[in-house]
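Biologist: Could you take me through this model, one contact at a time?

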Amino acid sequence: MSERVTITVDGIPLEVDAGELLIKAAEDNGTYIPRFCWHPRMKPVGMCRMCLVEVEGPRGILLTTSCNMPVSDGMVVHTESETVKKAQEGILEFLLINHPLDCPVCDRGGECPLQDQTLSHGPGESRFVEEKRHFEKPIPISDLVLLDRERCILCARCTRFSDEVSGDPLIEFQSRGNNTQVLTFPDEPFASYFSGNTVQICPVGALTSKPYRFRARPWDLEKTESTCPHCSVGCSIEVHTSQNEVIRYQGVDNDDVNWGWLCDKGRYSFESVNSAERLDTPLIRNASGQLEPASWPDAMEAAATGLASIVEAHGGNSVAGIGGARGSNESAYAFGKFMRTIIGTNHLDAQLGDGLDPHFLVGSTPRGVINDLDTAKTIVLWGPDLKEELPVLYLRVRHAAQQGAKLIVIHPRRTGLDDRATFKVVYKPGEGPALLNKLVEGDPGLAEVRAAINEGPVVGLVGRTGLTEDPRLAEAVAAFLRELPKATLMPLARRSNVYGALDMGVSPRLLPGRVSSASESGKAALREHWGSLPDDFGRDTIGIIDGLADGHLKGLVMMGSDPVRDVPSGNRAAEALSRAEFVVAIDTFLNDSAAAADVVFPALGFTEQEGTVTNLEGRVQKVTQAAPGPGQARPDWSILEDLAHRMGGSIGATSVNVLFKEIVTVAPAYRGLTWVDLEFGEGRDGLVMPLEEGDQPIQYVAVDPGLAPTKAPLALHSARTLYDDGVHTRFGPSLERLVGAPMAYLHPDDAARLGIPDGGEVDVETVQGSARVQVGFDPSLAPGTVFVPFNQGIGQNLGSAVEVKLEVVS
Amino acid sequence: MKILTSRMDAHPSDSHTISRYLATGGYRSLKKALSMEPADIIAEVKASNLRGRGGAGFPCGVKWGFLADVHPRYLVVNGDESEPGTFKDRQLLERDPHQLLEGVIISSHALGVNHAFIYIRGEYPKPARRVQQALADAYASGYVGRNILGSGFDLDITVHLGAGAYICGEETALLNSLEGRRGEPRLKPPFPAVEGLYGKPTIVNNVETLSNMPWIVENGGAAYAAIGPEGSSGTRLFSLSGHVRRPGNHEIVMGMTFGELIEDLGGGIRDGRAIKAFIPGGASAPWFTADHLDVPVTIDDVAKAGSMLGSGAIVVMDETTDVVKAALSVVSFFAHESCGQCTPCREGTTWLENMLRRLTVGQGRAVDLDLLLDVSDNISPGLAWPPRQTTICPLGPSAVSPVLSILTHFRDEVEALVTTGVSS
Amino acid sequence: MITWSKDRAEAAQRILGSYPERRSAVMPLLYVAMAEYGYVSEQAMRDVAELTGLTPVQVSSVASFYTMYKREEVGRYLVSVCTSVSCHLLGGDDVLHAVEAETGVPHGETGPDGTFSVEHVECIGACGGAPAVQVNYELIEGVTPEKAVELCQWLNATEPDPLLGDEMQALFGGQRSFDWGPSESTGSKGPVPAFGPYSTAGTDRLAGP
Ligand SMILES: Cc1cc2nc3c(=O)[nH]c(=O)nc-3n(C[C@H](O)[C@H](O)[C@H](O)COP(=O)(O)O)c2cc1C
Ligand code: SF4
Ligand code: SF4
Ligand code: SF4
Ligand code: FES
Ligand code: FES
């Protein structure tokens, strides 16, 4: 707790935290001081001078900016004196003399701080008779953002954001004085994963985003708070709709999670929600093998009959389920319950072969939260490139490192955090175990790193650096890190609601509520609610694909999943689907996998359903309905309930509310939670549920499995990039253009040794597949490494083997 | 009494060389200083009552006392001299660079600094050449570098060149510039003595300020304090320019009146004309008129009379001067040199410039006089002097000085411009 | 890829070594790049970005803040006429007009044949010798409009290289701010300031050993 002091603002005594900025202390207590340049999540710069107030001091009354003035005990402040008003009117007049005042055609008109403050604090008539500054009207500064320099009031929010917060300073002030302008470098667009934030925080309409431009007028907008579903960070957002159509997402300042920031993928993914390609009617495969539109009853009948006949012939055990990580907890719960009780199988998995041991992911102890980063002395990241996979977590780590935490990054390639890292260690895929041993044993080459790591509190961010890495390496790393002083662990997986789906038991190894499927007491408790539970061994996604391919499994239900694109051996998944006797898909798009199904159901997607999701901290947050959804699409849980009904049972999913209530009764880790808790008060930032006595949630203590390093002359590193070829990029016109071309990257020395020119063509071959691609150079790679971005045209066919061969084509 | 310019006066042909410097007692003070405790040197500087010569006139010893106890720490020499009317540092850099270097080395030793920087404005290539030659010679002779004169004290000095931005004379802008950033002044606090260059404690001193150090160490702070009136001790180099017969730099003991300075040292107004106005301390300072000729040239007396001694630049205007045009020249200087961070300075200075320009070309309107005043008031609330600083640095309010000066002292001339379109 | 001449590339390394942080080298490196390319071209800024680890736009943000980093090609002789207050009082504006008229180049521009660029500048610290003019940053004090015309003609006719301030002062100057002392044989070799003691612009040592 920080010390409290008393200040007086406009005659009202207030008790506030010592050292807090006056502008913030006043606002938190009901006095809004106008401002343009100050932003609560960035350092004050005191540039616009709009936040002037009078402060009584020993040497008389001081007119000063409140955005960089820390409060001190006994401070007496006037925010509305004549002097203050005159000064603020003066500032507004200065800002307006060069402003085009084209509010009627400005995206910001109606929600513009400059417009608002002009109405409340500004002078009337213009006294300015000189020529205004002129600039070329909006110029595109990236594929997503346009800049109108005439509207810019030079508050430096955008430039500070991209420099200080996101670490890609691609937009900066140019020239000086009255000629100052914001600009990018010629041929170097503002290609930042976070550019949308600058549009959101620009206090005027100088920065606008292409996907939103001219889409709506602010006063037509309906706003609903929700949670971004596109990765496991779980950023708080506001969904803006106009006439039942989602037209943008804005970041909401969630103190525990995203601080108001979003990544561009999350922000602009709203376009895919509105895509014309959305499934809006059920489909059935006809006699000639084509999928054709069908009525709900016919599709239900076909799906129920198809599944039932397999269950009858081969047992429930011959059917499997893949999916659940892309929707709400309620849908995932319904999916798990459907697969286990109606079909009667334990073959179900929300992870798609990219995951870590589910016990490790949801049950690791001591488990940390994002805010631990801010109190950490040391942060160790041995896992994915956060900028690519968990973008807003990247911002939070960046911030913590900037504030002085030591950051150690261990990864096979450059990462977005390297410039902030105290130490960066690069290694060749496969050699992770050897590197870990060196670190544990205090090898002289790593002595400095080892010494740095020893200072607690330590936060360990642990995950797979890429898809060819043995998942158990992360556990070995965690086993080491958890022993460090005051260590907490954050096991990382990026897939949207994967933590929620695992918490809901969508895994062969888990039951709802972080309970192991091997736990007899856990099973017994669940049986009391569910009646029956299959006892057999369950397969994970890779096992399911193998089982379908070799005929052990016959049927498959997919819910919001696309194994063909998403597992590290997509070609094998495609083969498995073609071998399956009967496949049902519930999805929002006819993706490559759904296209191979026998019956396809159109599901409502994000923004179209109420529910909860769970992020990588285990934080439960609300998602809300803001738009109706396309055509005949229905909530996935209700599709499952209908199917269950036709198969002679029920999963009790009469409404999403009922489902949630069942979850909080059945799932120990969620016990007692209510939606009201999540919608009001503290819970609006989401709640990380404490575990109670008597529950049996997993307390997973990572142990070092003692891996041997894999020696490969050439090792494959395959990892995701933010703009991979997933549905949200593919079906969002703005993001689609950002997807990179298929490439393989080599260290220039290796390329020279192998005689491959920059831009040459090679065949990349692994035991699992091969692909022909162009070569690019990447000096950040450890020698002997080939980097292939996953799901960017090819990567998904190369599998997860480390060893790779290159065949030069040209 | 001369401290700063005696060597160049006596040896005009080679005062800048190391041989002449050594032959005239150079680096003797350094040897003495190296044998002293740093705290004792600081005590001498405090005792000298030396006030900064860069413009603000802050007591040097007091500033040194603020230096936070964190290492590394830096000393930065402010040689950005760009205030219109000022050319004294140029002479010190060009004609006696070793005197400055010795001052820098002594001060670094006193302050526990191992890396000092000399920031010289980019338009001064010749002074830069001289200082670099001097620096090379000082390194070669062991006055700079490792283990200076066997004392165990190490010091590196880096010369950094500006590139055309007056605002870099403001000390925090200068630090930003030295860090490879835009020369934008920083918010204070923190002050440089606590968080300066690279976030480390830093002392910024003017060229002239530090050029006094060899003398102070040699003769003691008390001897320095004894020179001149209280509050303005020591000698000071004034730059005299404009309509005087003998423009130039004059090192004087403070205390004579402006009238004496202009008459006796400047030879009076050229062509036997009468004085109309003068700027007592660089372009930022409010103007004085003939009524102020008997104000004594001391920091405090000038302040009392409503202006400032600033950078020690006195610009004299005779009776033929078109004061509106002269004011326009000063205002457009500030508009051109505004860094652009603060709204009132960025927008307001250009607005003032445009209005004045309209006046000088006969497009003034009667409302413009009050508008000039009100816009000035919005840049510098209350039109007070010293300004109630509501911008990050004082540059914005400085632009108001000439406007206010002509509207106070020569309002009739400005009005005449509006009614007749020509200067009266 | 940086393709600077060998001595400039070496100077760059020396400069980088004389600061505790790389970013500080931006300004001196911009001078070196300006000497290499004749002006601060886009490539020059990319080069400096590469050397300092900044992005090109960060470098151009710095470069465009300072008036001496010319981001367009400059003539062989950059004539800078001071019009700040002391020079203004003594006819700096007339000197500027004379230079514009003689060269046919308006201030802020470069003549079509690339001989002259003309600019008016703020105080160059020569107010005691007003009106003051610089050619390629070498100073001449006490310049009258007539002498300014002769100066331009002389530059055109004799194409001096290097350009020596003392020589120009002797030929075309008048009142000085102070006694300049002995004359120097170092001068500028192009429209870039000659900072170093050992001559040509840009490659000199800008810092202590
Ligand atoms: C706009 C502005 C310009 C300045 N220019 C200079 C300058 O050119 N040279 C200088 O020494 N100080 C200048 N100063 C003062 C410096 O900020 C600082 O006070 C000074 O360098 C401290 O040195 P001193 O204490 O030795 O005077 C300027 C201040 C301002 C606000
Ligand atoms: S573009 Fe917007 S955010 Fe950026 S400086 Fe201008 S007004 Fe501020
Ligand atoms: S970081 Fe993840 S949760 Fe946040 S906006 Fe991006 S995709 Fe959405
Ligand atoms: S007052 Fe002017 S020069 Fe000073 S910081 Fe503000 S804008 Fe820059
Ligand atoms: S909000 Fe305080 S100066 Fe801009
Ligand atoms: S005013 Fe021209 S050199 Fe100073």
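Biologist: Across the interface of chain C and chain A, how many residue pairs are in polar contact?

Modeller: This is a predicted model, in which local features need pLDDT of at least 70 and side-chain atom pairs count only at pLDDT 80 or more, while totals for chains, interfaces and linings use all residues. Residues are numbered from 1 along each chain as its sequence is written, chains are lettered from A and ligands numbered from 1 in the order in which they are written, and side-chain values use heavy atoms, with hydrogens and water left out. A polar contact is a pair of N or O atoms within 3.5 Å, where within protein one must be able to donate a hydrogen and the other to accept it, and residues adjacent in sequence count only if both atoms are side-chain atoms. With both residues at pLDDT 80 or more, the number of such pairs across the interface of chain C and chain A is eight.

Biologist: Which element of chain C gives the most residues to the side that touches chain A?

Modeller: Contact (heavy atoms within 4.5 Å) takes 14 residues from chain C and 15 residues from chain A. The most, five residues, come from helix 4 of chain C.

Biologist: What is the area buried between chain C and chain B?

Modeller: Buried area is the accessible area (1.4 Å probe) that two parts lose on being put together, summed over both. The contact draws 58 residues from chain C and 73 residues from chain B. Carbon and sulfur atoms give 56% of the buried area, which is about 5,000 Å².

Biologist: How many salt bridges are counted between chain C and chain B?

Modeller: A salt bridge requires a side-chain nitrogen of Lys or Arg within 4 Å of a carboxyl oxygen of Asp or Glu. One such pair is formed by the side chains of C:E184 and B:R130, at 3.3 Å from N to O. Between chain C and chain B the count is four.

Biologist: Which residues come nearest to ligand 2?

Modeller: The shell around ligand 2 divides into 12 nonpolar residues, no polar and one charged, where Ala, Val, Leu, Ile, Met, Phe, Trp, Tyr, Cys and Pro count as nonpolar, Asp, Glu, Lys and Arg as charged, and the others, Gly among them, as polar. Of the 13 residues around the ligand (each with a heavy atom within 4 Å of it), those that come nearest are A:C152, A:C155, A:A156, A:C158 and A:C202.

Biologist: Is A:W259 buried or exposed?

Modeller: A:W259 has a positive phi of about 55 degrees although it is not a glycine, and its place is in the loop between strand 13 (245-251) and helix 6 (264-268) of chain A. Buried means under 20% relative accessible area, exposed over 50%, and partly exposed in between (1.4 Å probe, protein chains only). At 8% relative accessibility, A:W259 counts as buried.

Biologist: What is the omega of the cis peptide bond that joins A:T365 and A:P366?

Modeller: Most peptide bonds are trans. A:P366 sits in the loop between helix 10 (358-363) and helix 11 (372-375) of chain A. For the cis bond joining A:T365 and A:P366, omega is about -15 degrees.

Notes
Helix = DSSP H or I, 4+ residues; strand = E, 2+ residues; numbered from the N terminus.
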